[in-house]
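Visitor: I would like to learn how to read a few features of a model. Please take them one at a time.

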Amino acid sequence: MENMVYAEELVREFLVFRGFTNTLQAFVKELGTDIGKGFQVDKILDLIFSIYIPKFQAENLIQLLRFFNNCFSSHETHLISVISELDISIIHYYIIHAIQAGRKDKVIELFDIHGTELLQKDQHWASWFAIPYIKAPQSEPQFRVYFSKEWSNALHLSLRNFLTKMFNGTRIPALMKISSERNMVSRLKGDIKQLNFKLAQLQVSLEEKETQLHQLRSNSLLATEVIVGTDSSSNPLAGSGEPIVFVPASHVICVSASAQAGEREPKHSEDIRPDDTQVSTSKISNHSDTGNDAQREEEFPEVRVDFQETFLGHTSPISRCRFSATGDNVASASVDGTVRIWTYDSSAPTSRNATIYCGAEIMSLEWECKSDRLLLIGTADGGIKAWNVDAKRVVCDLSCTEAFPSVLDLKCSPVEPIFVSAAASRCFVGLVRVTLVNWAMLL
């Protein structure tokens, strides 16, 4: 009912805007006599069978039929044939009524104006063009049925049922939908306002989390300082500037470290971590204790972190990672069976970044020493895959025996195209196997 009232107000507004005062008066008068406040099929039938057809208003009748056709067929395509049959039957009824009323001139006038259009829609109209010139068309077998009372009653009933079903069932006038759409827009605006408020809250929370994350990263950078000695034989990283890879839960961080002389080692035992104690002890045992502070500072330089680079992409904890021989690429393995390759050197002409799905937990990684183009991957199901980083595909897929399914370690020979693999059974029995591979075939 609310939609009906709002639609009536829209009609009044339009009529006042256009200055259709006579139509407005008639509209208000019609509303005053409207009792049902709904669709009234009898008034439409009276308009067709009591006004347009008896008064031979063919043009108004054709326009009304076009309106029905556009109104229904555009939304329900399966009704096109039904609407077409009703249109043809109503025009047949108009022609029969004109002939019975002795107004064959109205039939000729209809065909003169709309004959071409009717013929294009249905070729059966060709025989109807002769009906005004037949003396007794009701006697012709082709037209006899249209002059019967039964056919006329059936047309009235069919049109009544069709219009009742369409207007009371499947289709609501567009004006009556506007009120519902307006209410929907109001609800959506309210929902948008609430979502914007929640979004503002989430943005504030995100900023707080980012601040906390920044503080945690700053603290982690301070925690990465490590005390090491200067003996290159036992500490190859000291003073070399070689990158070190630290692996958190699900991302890879590359850290470049450089030794700085002149920093003092911790003097108190409580300042030394348990892991550092053994290193410090082994270093001191190799040198005579002269008591010279300068010598102690020189023996124990501190490693300083120059920069860090983070590679994101893993969705599960990372179990291992390896630099390639040239140091340009990094391979990392995750417990979900994926291996990712990262191009560490940003100045490289082509990126070798790739994701390898192995289908089983990764147990070992190893880069081929010479070409720097092959990555060996050992899995928990006994598979050994060789990945070509330039071709970005698996170029060799080997399998261990079923008795030793877990490939725990892989190492390539630095001089020959062979690698050694260490595998274990489920009972922790070990197997070492040396495999000869023609690297040239894989490259």
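**Reading salt bridges, a helix and a core**

Guide: R66 counts as partly exposed because its relative accessibility is 30%. Buried means under 20% relative accessible area, exposed over 50%, and partly exposed in between (1.4 Å probe, protein chains only). This is a predicted model, in which local features need pLDDT of at least 70 and side-chain atom pairs count only at pLDDT 80 or more, while totals for chains, interfaces and linings use all residues. Residues are numbered from 1 along each chain as its sequence is written, and side-chain values use heavy atoms, with hydrogens and water left out.

Visitor: With which residue does R66 form a salt bridge?

Guide: Side chains of opposite charge can pair when their charged atoms come close. The rule here is a side-chain nitrogen of Lys or Arg within 4 Å of a carboxyl oxygen of Asp or Glu. R66 pairs with E117, with the closest N and O atoms 2.7 Å apart. This pair links distant parts of the chain, R66 being in helix α4 and E117 in helix α6, 51 residues apart. Helices are DSSP runs of H or I with at least four residues, strands are runs of E with at least two, and both are numbered from the N terminus.

Visitor: Which residues are linked in a network of salt bridges?

Guide: R66, E117 and K121 are. E117 also meets K121 in a salt bridge (3.5 Å, N to O). Because E117 and K121 are four residues apart in helix α6, about one helical turn separates them. K121 is exposed at 61% relative accessibility, whereas E117 is partly exposed at 25%.

Visitor: How do I read the two sides of a helix?

Guide: An α-helix has 3.6 residues a turn, so residues three or four places apart point the same way. In α2, L24, F27 and L31 are buried. They lie on the same side of α2 because they cover an arc of only 60° around the axis, the arc being that of the directions from the helix axis to the C-beta atoms. N22, Q25, K29, G32 and T33, on the other side of α2, are exposed.

Visitor: Which residues touch the most other members of the largest nonpolar core?

Guide: A nonpolar core is a set of buried Ala, Val, Leu, Ile, Met, Phe, Trp, Tyr and Cys residues joined through side-chain atoms within 4.5 Å. The largest has 44 residues, and I48, I95, W128 and I131 touch the most other members. Helix α5 gives the largest share of this core, 11 residues.
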